[in-house]
Amino acid sequence: MGVFKIEGGIRLKGDITPQGAKNEALQILCAVLLTPEKVTINNIPDIIDINKLIKLLGNLGVKIQKNGPGSYDFQADEVNVDYLETEAFKKEGGALRGSIMIVGPLLARFGKGYIPKPGGDKIGRRRLDTHFEGFINLGAKFRYNREDHFYGVEATEGLVGTDMLLDEASVTGTANIVMAAVLAKGKTTVYNAACEPYLQQLCKMLNSMGANITGVGSNLLTIEGVKSLSGCTHRILPDMIEIGSWIGLAAMTRSEITIKNVSWDNLGLIPNTFRKLGITLERRGDDIYIPAHEDGYEVKTDIDGSILTIADAPWPGFTPDLLSIILVVATQAKGDVLIHQKMFESRLFFVDKLIDMGAKIMLCDPHRAVVMGHDFKSTLKATTMSSPDIRAGISLLIAALSAKGTSTIQNIEQIDRGYENIDSRLRAIGANIIREE
């Protein structure tokens, strides 16, 4: 396993361009299974989780051609559905949580879809009920092998449109149901649907392939089933989570950084949430400019003067993937912040590592932490730590870049799962970071 050696306390300066969005790419790549025609996808991030999914598609028989950096052609005209019942697939599919989204397209087009219990971040329970209840509502039969933790759905007579109310606004669950419903007979309505920009991108792509989806961007989607879909060309949005990470990095290291081509219109509450921490960021065209915060940044209290609370919520609320970044940035703010992680019960458990570095954090329970900022009067201390998941990993990396001394981060494969060539990109703006095997 690799490690990062980071010398902290260095001011960074320059431009950085966000990679393609990981969470969108996972959905879009699964959608290529819906048509036998060629699909071209651009701005695919070169990260572990995405490359695992591309490999899985290849093993299913999808023809894959790389056109250049981030650009691929996919053609699923000879899919080997029997591969789903092999031991190799059980191992491969279980290594990646995003693999769950191959089930909807396979069920819609081939009448069956199987998946082992998927892996991914250890951030608490991440139920799959929304996915499979949606498939059952569309007429699929469900089976589960408890011994092998293997899920299956079958619809030998095809899927039939229906009305459904999701029990939670699951992004991957909504994506899976939409991909199944586009080839179902008749009309499907999905209420309490997720409406993240990435889900909107999936719907726009499917419509360009011949699907009939309305209500895109709202929590009520209407899908008129069609008999088949054609090919298309699609470009993935910049990764909003990476954009938020770079905002946090600039503030914590008091660096002057410009984040290029961020697709401002798809950032939602992200810019204003960082502004609540006192961080200055400017819109320059489609770029974000963050000046060096020489005098630090001061937390804004609520209107009545009470402690600022930042909580996650389904879109258009604040994305849970950035709460770890907000938490670490708050450690050097002037003022106190209550971080409320509502959606996952184990995502705040990395704070002990920040406390070891000198941060003042009180973990109230698995969901809430109070951060008392240092206002840069006391720097964090370098230490050795391990990355438990993607977002905690990048937060610890930001902490290390701001700390005094040389830190070591172990288990950096977790960071590589979500961030493309992060060490070389950070070195390009002045960071002293070395990757060692």
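Modeller: Strands are DSSP runs of at least two residues marked E, numbered from the N terminus. The model before us is predicted. In this model, Asp 375 lies in the loop between strands β20 (368-372) and β21 (384-386).

Biologist: What is the phi of Asp 375?

Modeller: As a general idea, most residues other than glycine have a negative phi. Asp 375 is not a glycine, and yet its phi is positive, at about 55°. Phe 376 is also found in the loop between β20 and β21. Phe 376, again not a glycine, has a positive phi of about 60°.

Biologist: Are Asp 375 and Phe 376 buried or exposed?

Modeller: A residue is called buried when its relative accessible area is under 20%. Asp 375 has a value of 16% and is therefore buried. Phe 376 stands at 15% relative accessibility, so Phe 376 counts as buried.

Biologist: Which peptide bond is cis?

Modeller: In general, most peptide bonds are trans. Here, the bond that joins Trp 315 and Pro 316 is cis, with an omega of about 15°. Pro 316 belongs to the loop between β17 (308-311) and α10 (323-330).

Biologist: With which side chain does the side chain of Thr 130 make a polar contact?

Modeller: Thr 130 is placed in helix α5, which covers residues 129-137. The partner of its side chain is the side chain of Asp 167, at 2.8 Å. Leaving aside residues up to four places away in sequence, Thr 130 touches several others, including Leu 166, Glu 168 and Ile 177. Thr 130 counts as buried because its relative accessibility is 2%.

Terms used. Residues numbered from 1 in each chain as written. Predicted model: local features only at pLDDT ≥ 70, side-chain atom pairs only at ≥ 80, totals over all residues. Heavy atoms only, no water. Helix = DSSP H or I, 4+ residues; strand = E, 2+ residues; numbered from the N terminus. Buried < 20%, exposed > 50% of the residue type's maximum accessible area, 1.4 Å probe, protein only. Polar contact = N/O pair within 3.5 Å; in protein donor to acceptor, adjacent residues only side chain to side chain. Contact = heavy atoms within 4.5 Å.
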